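Okay, thanks everyone, let's get going.

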Amino acid sequence: MKSLRKHYAIILFCLAIGAAFGSCFDLQISKKIFSRTDSIALFSGAFGLIPGFAVLCFFAGTLITSAFKIKQNLFLTIFLIGSCVFFILLGTYCPQEDIFGVNGYNLPDKTLLGYAIPFPIMLISAAAGYLVSSKNQPALGSIKKADSKNRGYDTWLFTIVLLFFLSAALLFGLFCIKKIMHRPRFRLVVFEGYAPFHAWWQRFEDYKNVLNDNTIITKEEFKSFPSGHAAMTSLLMILGMYLPIVNAGWKKAQVPVIYIGFAITIFIAYTRIRLGAHYLSDVSIGAFIMITGAALFNETAIRLQNRFPDFFDFGPELS
């Protein structure tokens, strides 16, 4: 991780610049590039959540490897397999609302079809995680380590905590911020003049009055800040952080994966602004929160491992 800090620092600096620039020129940027009919942006809006959830399922697939290696505890084996299934179902349920919903193609009669698209992708991602980790994942130790000099690596513990931290703490936290701030999206509410423009730090108190006066406007139009699509796509960058945990032979791929993920995040962010679903500050801060949270989680794990080696042993790949 120490060798990657400079790369994440560069990315966080770029995101901070984007957030600062957007704080000053959000409205002007959105007015300049807004388009309701951009087919590429519509495709991105419909399927933009899938890559992030696929990353979660990829990590979840490594739990199957752990489950097969930990044979002395049936309960833990069932728990790890069940956790993998949970994230596959989560990755199927969450993106489907956007594919044919207001953030995508806006075809309510095809909502059920939305489940059929992400499910095989999540299944394949989890299978890929299992196959990759089963070939070259650091050896797993037992739950109780009788000999501190001959410890195995508790990659299952690290992975399960990481998954629930990313999905429960960060993603749920972003959702809560949306519910608190109610920032109006540009595409309908602001562009059509139903509500005034609000900066990302300004809470919109009167959104219910706008909903009551206009039947064509839904609650979804007041979830601009922060961007869930940018936050989810940034998981591609987080994947680079933890590649050696999945497969010890992929350490050299970390930096390319990080910057490929950054490029994809920029593209998704642009398309969200293009559709008027978010502002520059929304996408920048959404990605910033996810990257910062993952980095802090990683640093905490390193310090726990160094300070309490008899209780936390995640392997040298984490150092």
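So, how many nonpolar, polar and charged residues are in the lining of the largest pocket? By class it's 12 nonpolar, 6 polar and 7 charged, where Ala, Val, Leu, Ile, Met, Phe, Trp, Tyr, Cys and Pro count as nonpolar, Asp, Glu, Lys and Arg as charged, and the others, Gly among them, as polar.

Quick housekeeping: this is a predicted model, where local features need pLDDT of at least 70 and side-chain atom pairs count only at pLDDT 80 or more, while totals for chains, interfaces and linings use all residues. Numbering runs from 1 along each chain as its sequence is written, and side-chain values use heavy atoms, with hydrogens and water left out.

Back to that pocket. A pocket here is an open set of points on a 1 Å grid over the protein atoms alone, where a 1.4 Å probe fits, with protein on both sides within 12 Å along at least five of seven lines; lining residues have an atom within 4 Å of a point. The volume of the largest one is about 730 Å³, meaning the space filled by probe spheres set on the points. It has 25 lining residues, and L49, C94, E97, F175 and K178 are the closest to its centre. Helix α7 gives the largest share, 6 residues; helices are DSSP runs, H or I, of at least four residues, numbered from the N terminus.

The second largest pocket comes in at about 320 Å³. Its lining has 14 residues, with R36, V102, N106, R187 and E221 nearest the centre, and splits into 7 nonpolar, 4 polar and 3 charged.

Terms used. Helix = DSSP H or I, 4+ residues; strand = E, 2+ residues; numbered from the N terminus.
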